[in-house]
Amino acid sequence: MLRFFILLSLFTHSCVAAPKAPVAAGAAPAKKWLTLNGQEPAVVARGGFSGLFPESSAPANDMAISTSSPGLTMLCNLQMTKDGVGLCLSDIRLDNATTISTLFPKAQKTYKVNGQDIKGWFVLDYSADTIFSNVSLVQNIYSRPSIFDGQMPVAAVEDVLGTKPPKFWLSVQYDAFYMEHKLSAAEYLRSLRFRGISVISSPEIGFLKSIGMDAGRAKTKLIFEFKDPEAIEPTTNKKYSELQQNLAAIKAFASGVLVPKDYIWPIDSAKYLKPATTLVADAHKAGLEVYASGFANDMRTSFNYSYDPSTEYLQFVDNGKFSVDGIITDFPPTASQAITCFAHQKRNLPKTGPALVITHNGASGDYPGCTDLAYQKAVDDGADVIDCSVQMSKDGIAFCHDSADLTASTTAMTSFMSRATSVPEVQPNNGIFSFDLTWAELQSVKPQIESPFLTSSGFQRNPANKNAGKFTTLDDFLEFSKTKAVTGVLINIENAAYLASKKGLGIVDAVKTALTKSTLDKQSAKKVLIQSDDSSVLAGFEAVPPFTRVLSIDKEIGDAPKPSVEEIKKHADAVNLKRTSLVTISQSFATAKTNVVEEMHKAKIAVYVSVLRNEYISIAFDYFSDPTVELATFIAGSGVDGVITEFPATATRYLRSPCSDLNKDQPYAILPAEAGALLSVAAKEAQPPSSAPNPPLEAKDVIDPPLPPVANLAASNATGGTPPKTPPASGTVATTASLGFSLVAMLALGFLCVA
């Protein structure tokens with residue numbers, strides 16, 4: 001059974017692929033690294049691919065090797081059984097990473113470890129045979145997959161060495177504790193004759209000195225590990241912060257240091273980066289390599305990284321001033337791709353492939369959506385197409401905002417709570433709607449960054465920019481786009497029928513007027529994408545050939561039958577589909593890939609997928625909790641024509657890397673995930689129940705009734721007559737004199753708003 005796990009690497013994707021044919025000499029200039037020796041930083045896999053599988057299990061080790069850089073270093077945390085066998089586990093206690101507590105529920109003990117009383121099930125209380133025969137591994141971090149729990153045995157050090165990793169690192173954390181109980185890590189290493197061990201690290205100076213001569217003969221590198229600055233090093237009884245002040249002394253018994261990552265880039269209480277310390281420079285000056293630990297894709301870190309793990313790795317290896325010599329991570333493929341594919345990437349590199357990077361409310365992962373700052377950030381990040389979801393003010397001003405409801409993305413609740421009302425034609429919940437406020441009133445409120453996972457998971461976006469920026473009118477947005485190096489714009493139109501019939505606001509005509517004013521309807525240099533979930537809205541732009549009409553399909557679909565596709569073709573040139581219409585997801589696992597893209601492409605309909613986000617909780621386990629692998633899955637795997645994202649920097653960095661081009665002769669490539677492959681590896685009884693497939697798209701889902709004429713509410717209220725059938729050319733309220741409202745009508749509207 002366990003050997004079947006090794007086959008995983010044949011079925012699932014790898015983030016950085018195994019080497020292809022060597023690239024011809026001189027094909028690309030060698031990268032210059034600011035490491036101690038000028039070589040590429042090492043990727044060190046802590047317990048193999050422990051971000052996905054239980055630590056140091058067979059599949060964790062095999063997957064780490066098959067998906068990472070060729071020079072990968074495998075790290076094993078040494079623990080010792082009572083009969084002196086070495087195991088690979090991060091803690092001296094078994095209970096957090098194995099099934100020990102269920103097998104021996106009354107065997108819990110308390111030991112004093114480094115001066116502290118620790119309670120649990122300790123490795124040194126059990127023989128190796130007891131552990132190998134009875135105990136199995138579990139994932140020790142709650143947010144990671146649990147479907148592999150209880151299926152894999154604990155690994156011996158020799159088991160991991162047997163996988164023949166390119167390099168092997170043994171971390172000895174508790175030698176002093178084991179020595180107190182008549183177990184010696186040094187003697188265990190001598191029994192192995194240090195064979196196959198490239199690196200040994202320890203936070204205990206005495207241990208490193210005791211094996212110095214043996215390690216030297218075996219050419220095994222010794223690394224001194226720093227713990228929390230206030231913790232006490234057991235040999236010298238000094239704080240680690242004190243030892244840091246004399247790095248030259250460490251050079252006498254070690255060739256490098258291992259430090260938690262915040263020793264190098266500290267983070268303040270608000271979770272923003274502080275200036276880098278001088279530790280790397282000081283260590284390099286003393287002739288010491290520097291390795292940084294604590295990296296994981298599914299760990300919240302600084303807001304500076306925009307929830308993109310590759311950005312964090314690059315901060316440590318490609319900041320222009322220094323580079324660490326190695327990264328210790330639970331997700332070695334992501335570290336490998338950051339170093340191999342993204343480091344030293346020039347911002348002006350051309351994209352590989354035709355896929356468009358389209359924003360969703362600008363760079364709304366970093367700034368409040370649809371604000372001037374969000375759009376400028378999107379341009380700076382290299383987005384191809386910036387978007388404006390058009391909303392209308394009560395007095396007919398068209399502006400950019402994600403939703404007609406202002407409650408989540410503005411401070412309107414503080415000023416206009418009494419104007420909250422129910423509009424079931426727009427949304428099921430009450431809201432404060434832009435069409436009930438004048439433009440002057442709208443300008444009195446501030447934009448507010450939306451954090452889509454704040455309520456469910458506590459993930460907040462960039463609080464320093466929570467209310468930054470200002471709203472942008474459609475006219476200003478179009479003028480902005482004309483002056484920037486973007487391929488085009490996407491104009492999203494929703495609620496047109498309601499606005500016309502109930503509010504007397506012609507949003508379609510407002511968009512047409514703005515586009516004519518900007519002259520974007522009379523040129524072909526920039527793309528103009530008109531998007532709507534209403535086919536009748538798109539029909540209003542049929543007479544403007546340069547425009548690309550995009551039908552937004554909000555429902556999840558599992559198939560696109562020919563009649564439905566033919567109906568789409570009558571109204572649109574492209575579709576905007578949900579991610580789950582391309583790859584179905586069940587309990588954070590990708591279960592199947594649909595054929596929707598292929599069916600659309602047969603009819604020459606472009607496909608855009610939305611909405612892509614960086615937060616790891618929105619990303620399937622199959623994508624390694626890595627937004628870059630998700631991008632590869634949709635672009636290289638499904639062949640979409642564009643991705644709609646709130647973090648355009650992540651998408652453009654991927655597309656500018658040669659690693660995104662699977663047809664290019666190169667040593668590495670960022671490969672797409674294969675839906676269902678990861679889930680199939682788990683035991684059947686551990687897999688989530690199969691869910692019903694998404695329904696197919698039906699032709700009736702595409703067809704919408706014709707848009708009603710724009711109601712002349714002022715005339716209707718004044719005379720009691722029916723509104724004129726011809727909408728006003730301006731697309732705004734039929735009469736600009738709001739004083740034309742009768743007192744009775746105003747009072748009635750007031751009561752509605754209060755309700």
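A disulfide joins C388 to C400, with the two sulfur atoms 2.1 Å apart; the term stands for a pair of cysteine sulfur atoms within 2.5 Å. The torsion about this S-S bond is about -105°, so the disulfide is left-handed. C388 lies in strand β15 and C400 in strand β16 (residues 398-400), so the pair ties together parts that are twelve residues apart in sequence. Helices (H or I, at least four residues) and strands (E, at least two) are DSSP runs, numbered from the N terminus. C388 is buried, with a relative accessible area of 0%, and C400 counts as buried at 0% as well. Here buried means under 20% relative accessible area, exposed means over 50%, and partly exposed is in between, using a 1.4 Å probe and protein chains only.

Before we go on, a word about what you are looking at. This is a predicted model, in which local features need pLDDT of at least 70 and side-chain atom pairs count only at pLDDT 80 or more, while totals for chains, interfaces and linings use all residues. Residues are numbered from 1 along each chain as its sequence is written, and side-chain values use heavy atoms, leaving out hydrogens and water.

How many disulfides does the count come to? The count comes to three. One of them is formed by C76 and C88, whose sulfur atoms are 2.0 Å apart. With -100° about the S-S bond, this link is left-handed. C76 sits in strand β2 (residues 73-80) and C88 in strand β3 (residues 86-88), twelve residues apart. C76 is buried at 0% relative accessibility, and C88 is buried at 1%.

C341 and C659 also form a disulfide, with their sulfur atoms 2.2 Å apart. Their link is left-handed too, at -90° about the S-S bond. This pair links distant parts of the chain: C341 is in helix α15, C659 is in the loop between α27 (648-656) and α28 (677-681), and 318 residues separate them. C341 has a relative accessible area of 6% and is buried; C659 is buried at 5%.

If you number the bonded cysteines of the protein chain in sequence order, the pairing reads 1-2, 3-6, 4-5. C370 is in no disulfide, and the nearest cysteine sulfur, that of C400, is 5.7 Å away. C370 is buried, with a relative accessible area of 0%.

Now let us turn to charges. Side chains of opposite charge can pair when their charged atoms come close. A search of the whole structure finds 34 salt bridges, each being a side-chain nitrogen of Lys or Arg within 4 Å of a carboxyl oxygen of Asp or Glu. In one of them, the side chains of R461 and E615 meet at 2.7 Å, N to O. R461 lies in the loop between α19 (454-457) and α20 and E615 in the loop between β23 (606-612) and α26 (627-637), so the pair ties together parts that are 154 residues apart in sequence. R461 is buried at 2%, and E615 is buried at 0%.

Another salt bridge joins K351 and D384 (2.5 Å, N to O). K351 is in the loop between α15 (332-342) and β14 (356-359), while D384 is in the loop between α16 and β15 (385-392), 33 residues apart. K351 is partly exposed at 25%, whereas D384 counts as buried at 9%.

E567 is buried at 12%, but K570 is exposed at 53%. Elsewhere, R46, E55, R144, D298 and D330 are linked in a network of salt bridges.

Finally, consider the rings. The structure holds 27 aromatic pairs. Rings of Phe, Tyr and Trp (its six-membered ring) pair if their centres lie within 6.5 Å; planes under 30 degrees apart count as stacked, over 60 as edge-to-face and the rest as tilted. The rings of Y375 and F477 have their centres 4.9 Å apart and their planes at 55°, so this pair is tilted. Y375 is in helix α16 (residues 372-380) and F477 in helix α20 (residues 474-482), 102 residues apart. Y375 is buried at 2%, and F477 is buried at 0%.
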